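Hi! Here is the structure I promised to pass on. Have a look at it first, and then read my notes below.

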Amino acid sequence: MEWWTEVRRRVLTGELSKRGACREYDLGWHTLTKILAHPEPPGYRLSRPRKRPKLESFLPIIHQILEEDGKQPPKQRHTVKRIVERLRDEHGYDGGETIVKDAVRAWRQSRREVFVPLSHPPGEAQVDFGEATVRLAGEPTKVALFVMTLPYSGAIFIQVFPRECTETFHEGHVRAFSFLGGVPKRISYDNSAIAVTKVFPGRERMLTKEFLRFRSHYLFQEHFCLVRRANEKGHVERLLGFARRNFLVPVPDVTSLAVLNERLVVSCEKDLERRTRGKSSCKRDLLLDDRAAFLPLPKQRFEARRLVQASANSESLVRFDRNDYSVPVAYAHRRLTIVATVLEVRLIFEDRLVARHARCWEREKTCYDPVHYLALLERKPGGFDVARPLEEWSLPDCFGLLRRRLEAEDDRHGTRSYIRVLRLLEKFPLKELTAAVEQALAIDVTDAESIRTILDHRADEPVTVFSLDGRSHLARVHVPTTDVASYGVLLGGQAS
């Protein structure tokens, strides 16, 4: 570049003639003409594409192979090496591999998609799910990441769930709306089976019943991307990666997902102080414009749940999401409605809630409530000590003492009498029954009727112990009360 500039300066200022420049710098006449015409070296330029006589007749075949590849599975498409092999074996090509590689590259570059930058007014959102790994109670665990972003302000909200499903999809929205302070008027999604049951050409979709219920509650307008056009919600796609790299690195080590979700809310709150490229102010300030365009939050909170129906089997178990949940034995072989949320599973028969369990997110597990089987065990007390639902049932020590006393008093029916006491858990909490059993042991009454009397007893209703068949029993004593107010009437209202 230095000598180029020097030649131009000397010739164009008249210091040196063109012939003198050719002699002094050993230049050809055409080279000097080029130097004088360009302030800097223009580089090598082809005036027309270089001819490829060996490849020219094979280009249509190469293009056909590449076109057909677009309809094949991504992992079973032609490499350049495979294309060359086919050209040689099937079409008699005897040229090199490099010119085929150049032809393939040129074809692919000419067909690479170009995207139009989209405008995002305030009040719109995009939603997506991703995956990440966390250490949950010391074990590496894959979790689903729910992400909602606001393209106008750049605000982001992220939560982790055990799995992507209807309940977590809805629960993520509920938490996001609460964090962002309103409901976006338009939300973009991909074509997840959680929301879409059937995809028609264009934008028409058949939506799931649960998504329609969700949309009806919040009244937002949904927007589903075209198939294989995730760029239509590219903002959330980019921020999903951002959140994973910035909020979940290093890999979190937590005792529960609830703890991690609290941390993520704090991280999202801090992220509002950041200003993104091309924006005039920080995310928190721009979020005010988003909120001004939001729909208001409904007064009634939406319950993120899934409704399904299933029948209880002969072991009084109902299967849901690959796990079994127990119901009282009176509902075995009955059709029940399952209401599943992120935290619990409720089982309903007709209009009655018959069982409630903590939600199990593992696979092929059985969740028992021992109380559900006591009615059956009262009829079959011989199975009490080998009943699987009772294997991990830990009761206070007073219950063991009560059982020993009952069985000592009646070695034939003592176990059944003990089960009758346990069946009081069908109506009373364990804490109350424990206190009643301890009181019964203290006054040496051990039958279920007496313990029920203690549970029903009020402070103003004294109880008494009586003996029947050599055993102590408990009964209420009715004490009549006096209407003191009547004395005031008799004394003409002078009672004090």
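Predicted model: local features only at pLDDT ≥ 70, side-chain atom pairs only at ≥ 80, totals over all residues.

The side chains of Asp-321 and Arg-163 form a salt bridge, with 2.3 Å from N to O. This pair links distant parts of the chain, 158 residues apart. Asp-321 is in the loop between strand E10 (317-320) and strand E11 (323-326), while Arg-163 is in the loop between strand E3 (156-161) and helix H7 (166-180).

Asp-321 also has a salt bridge with Arg-363, where the closest N and O atoms are 3.6 Å apart. Here the partners are 42 residues apart, and Arg-363 sits in the loop between strand E14 (352-358) and strand E15 (366-367).

So why does Asp-321 count as buried? Its relative accessibility is 18%, and the cut-off for buried is under 20%. Arg-363, at 35% relative accessible area, is partly exposed.

Next, have a look at Glu-273 and Arg-284, whose side chains meet in a salt bridge of 2.5 Å, N to O. Arg-284 is partly exposed, with a relative accessible area of 29%.

If you want to keep exploring, the structure holds 39 salt bridges.

Cheers!

Conventions: Residues numbered from 1 in each chain as written. Heavy atoms only, no water. Salt bridge = Lys/Arg side-chain N within 4 Å of Asp/Glu carboxyl O. Helix = DSSP H or I, 4+ residues; strand = E, 2+ residues; numbered from the N terminus. Buried < 20%, exposed > 50% of the residue type's maximum accessible area, 1.4 Å probe, protein only.
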